[in-house]
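Visitor: Please take me through this model, beginning with the terms that I shall need.

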Amino acid sequence: MNELMGARRAVRDAEDGSEAMKEARGRVHAAKVALGERGPVWWDDGAPDYNRKMVKNTPYGNDG
């Protein structure tokens, strides 16, 4: 998180179109990827989606 905030400050302080701006934006992107905000989705594990289902119609509704 500290890297992301530092990179955002660098974007704020850099002049538009400068090499410093390109570098700062690259740092922001890298920090966001490292935090999981960008890149491949992590929540698509192939498990069935039980949203909008009645509990009794899901495996969670079994009294076992």
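Guide: Helices are DSSP runs of H or I with at least four residues, strands are E runs of at least two, and both are numbered from the N terminus. This is a predicted model, in which local features need pLDDT of at least 70 and side-chain atom pairs count only at pLDDT 80 or more, whereas totals for chains, interfaces and linings use all residues. Residues are numbered from 1 along each chain as its sequence is written, and side-chain values use heavy atoms, with hydrogens and water left out.

Visitor: Where is the place of threonine 58?

Guide: Threonine 58 sits in the segment after α2.

Visitor: Buried or exposed?

Guide: Threonine 58 is buried (under 20% relative accessible area; exposed is over 50%, partly exposed in between, with a 1.4 Å probe and protein chains only). The value for threonine 58 is 8%.

Visitor: And what is threonine 58 in contact with?

Guide: Setting aside neighbours within four places in sequence, threonine 58 is in contact (heavy atoms within 4.5 Å) with Tyr50 and Lys53.

Visitor: Let us turn to the helices. At what angle do α1 and α2 cross?

Guide: The axes of helix α1 (residues 2-13) and helix α2 (residues 19-35) cross at roughly 155° and come within 8 Å. Those axes are lines fitted to C-alpha atoms over the stretch in contact, with angles from 0 to 180 degrees between N-to-C directions. The two helices are therefore roughly antiparallel to each other, a term for angles over 145 degrees.

Visitor: Which residues make the contact?

Guide: From α1, the contact is made by Glu3, Leu4, Gly6, Ala7, Arg8, Ala10 and Val11. From α2 come Met21, Ala24, Arg25, Arg27, Val28, Ala31, Lys32 and Leu35.

Visitor: Which residues make up the largest nonpolar core?

Guide: Eight residues form it: Leu4, Ala7, Val11, Ala14, Met21, Ala24, Val28 and Ala31. Such a core is a set of buried Ala, Val, Leu, Ile, Met, Phe, Trp, Tyr and Cys residues joined through side-chain atoms within 4.5 Å. Both α1 and α2 supply at least two residues of this core, and α2 gives the most, with four.

Visitor: What does valine 28 touch?

Guide: Not counting residues up to four places away in sequence, valine 28 touches Leu4, Ala7, Arg8 and Val11.

Visitor: What about lysine 32: buried or exposed?

Guide: Lysine 32, which lies in helix α2, is buried, with a relative accessible area of 15%. Apart from neighbours within four places in sequence, lysine 32 is in contact with Leu4, Arg8, Glu37 and Arg38.

Visitor: Which residue has a positive phi although it is not a glycine?

Guide: Arginine 52 does, with a phi of about 60°. Arginine 52 is in the segment after α2 and counts as exposed at 87% relative accessibility.

Visitor: And methionine 54, buried or exposed?

Guide: Methionine 54 also belongs to the segment after α2 and is exposed, with a relative accessible area of 52%. Methionine 54 and arginine 9 are 45 residues apart in sequence and 47 Å apart in space, C-alpha to C-alpha.

Visitor: Finally, where is asparagine 2 found?

Guide: Asparagine 2 is part of helix α1 and is exposed, at a relative accessible area of 69%. From asparagine 2 to asparagine 62 the C-alpha separation is 45 Å, and 60 residues separate them in sequence.

Methods
Angles under 35 degrees count as roughly parallel, over 145 as roughly antiparallel, 65 to 115 as roughly perpendicular and the rest as oblique.
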